[in-house]
Each structure stands twice: as structure tokens, then as C-alpha cells.
Amino acid sequence: MNCNLCKQELEAYLEGRLPESTRIQVKSHLESCSDCAAIYQMETIANRVIADEKQVQPNPFLATRVMAGIEAMEQQPINREIIPVYRKALKPALVTLSVAAAVLVGVFAGNSYQQSQQQRIPVELTYMNDALLESVNLWSDNQIGGYEDGE
């Protein structure tokens with residue numbers, strides 16, 4: 001038996017579900033292979049720890065203490081602090097003012113950046129009348145003197 005097959009059958013070997021011939025092969029391999037024997041020992045220890053954890057008994061007084069704590073909390077008077085009216089109105093007003101201030105700072109910062117990035121247009125271009133400019137069609141290759149070829 002090789003190590004891979006032994007590792008596959010190890011869980012069934014621990015639980016006692018292997019046929020007699022396979023069980024004998026796994027047992028002889030565990031006696032001869034130190035790596036598989038170490039894995040077997042670790043799984044045996046893990047199974048013991050799990051079995052011990054399953055047998056831990058809960059504290060019988062835990063539920064009683066929890067219920068007593070809940071009842072004590074229910075019997076305490078409710079201590080609700082009355083928030084003054086100015087605190088109720090002051091908080092929303094401050095939030096509104098801070099949002100408005102943030103928006104204004106953003107607008108001013110954007111405008112100052114935009115003004116620094118703009119280039120000045122020469123005065124001559126502002127007086128130019130685009131309607132009087134020559135048409136691009138006059139300069140195209142298929143038109144001569146404003147008339148299309150073939151007319």
C-alpha cells in the first residue's frame with residue numbers, strides 16, 4: 001500500500017469501517033511509514049479533543065442568571081434625557097450651514113481654476129462676421145468658380 005491510498009483510507013480505519021484485508025494493509029503501512037503514522041497520531045488526538053468537547057456539560061444556573069439580569073433591566077426606571085429644543089434645532093442648522101459652506105468653497109475654487117486656465121480672445125476676432133466669410137465649397141476640388149462640374 002502506498003501513502004496516498006493509506007491517507008485516503010485513514011478516516012475509515014479510525015472509525016473501524018474498513019474490510020479486514022484493507023484494515024490489515026493500512027495497519028502494516030502505518031507501522032512501516034513514519035509520515036503516515038504521524039498523520040494517524042494527529043487525527044487520533046484531534047478525535048479525542050472533539051470527543052472531550054462534546055462531553056462538556058453546560059452550567060445549569062446560566063439560564064437562571066441570564067433571566068435574572070433581564071428582569072433587573074426591566075425593573076430599572078427608564079432614564080431618558082430630554083434634549084433641549086435648541087439642540088434639536090442647532091444640529092440640523094449647523095449641518096445645513098456646513099454643507100452650504102462646502103458647496104460655496106467648491107464653486108469658488110472651480111471658478112478660480114477655470115479663470116486661470118482660459119486664454120484671452122483677441123479683440124479682432126470678436127468683431128469678425130462669420131456670415132461674410134467665403135464658403136469652403138468654393139475651394140473644393142470638384143467645383144470651379146462656384147459651379148459644379150458638368151453643369
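Start by selecting Arg-23, which is partly exposed at a relative accessible area of 31%. Here buried means under 20% relative accessible area, exposed over 50%, and partly exposed in between, with a 1.4 Å probe and protein chains only. This is a predicted model, in which local features need pLDDT of at least 70 and side-chain atom pairs count only at pLDDT 80 or more, while totals for chains, interfaces and linings use all residues. Residues are numbered from 1 along each chain as its sequence is written, and side-chain values use heavy atoms, with hydrogens and water left out.

**Stop 1: the salt bridges**

The term means a side-chain nitrogen of Lys or Arg within 4 Å of a carboxyl oxygen of Asp or Glu. Glu-20 is partly exposed, at 46%. Both residues sit in helix H2 (residues 20-32), 3 residues apart, which is about one turn of the helix. Helices (H or I, at least four residues) and strands (E, at least two) are DSSP runs, numbered from the N terminus.

How many salt bridges does the whole structure hold? A search finds 2. For the other, select Glu-15 and Arg-17, whose side chains meet at 2.5 Å, N to O. Glu-15 is partly exposed, with a relative accessible area of 46%. Arg-17 counts as exposed, at 55%.

**Stop 2: along H2**

Select H2 and check its length. Its 13 residues, at 1.5 Å a residue, should span 18 Å. The expected span is 1.5 Å times one less than the number of residues. The end C-alpha atoms are 19 Å apart, which agrees.

Now colour the buried residues of H2: Thr-22, Val-26, His-29 and Leu-30. Seen down the axis, they fall within an arc of 100 degrees, so they line one face of the helix. The arc is that of the directions from the helix axis to the C-beta atoms. Turn to the face away from the buried side. There you find the exposed residues Ser-21, Glu-31 and Ser-32. What do the buried residues of H2 pack against? They pack against H1 and helix H3 (34-54).

**Stop 3: the core**

Select Cys-6, Leu-10, Ala-12, Tyr-13, Leu-18, Val-26, Leu-30, Cys-33 and Cys-36. These 9 residues make up the largest nonpolar core. Such a core is a set of buried Ala, Val, Leu, Ile, Met, Phe, Trp, Tyr and Cys residues joined through side-chain atoms within 4.5 Å. Helix H1 (3-15) and H2 are the elements that give two or more residues to this core. H1 gives the most, with 4 residues.

**Stop 4: Cys-36**

Zoom in on Cys-36, found in helix H3. Is Cys-36 buried or exposed? At 2% relative accessibility, Cys-36 counts as buried. Leaving aside neighbours within four places in sequence, Cys-36 is in contact (heavy atoms within 4.5 Å) with Cys-3, Cys-6, Lys-7, His-29 and Leu-30. Then draw a distance to Leu-10, 26 residues away along the chain: the C-alpha atoms are separated by 9.0 Å.

**Stop 5: the whole chain**

Zoom out. The protein has 6 helices and 2 strands. From the N terminus on, the elements run α-α-α-α-α-α-β-β. Buried residues make up 9% of the 151 residues. Among contacts between residues at least 6 apart in sequence, 45% join residues at least 24 apart. Show the surface last. The accessible surface comes to about 13800 Å², of which 58% belongs to carbon and sulfur atoms. The areas come from the Shrake-Rupley method with a 1.4 Å probe; for residues, only the protein chains shown count as cover.
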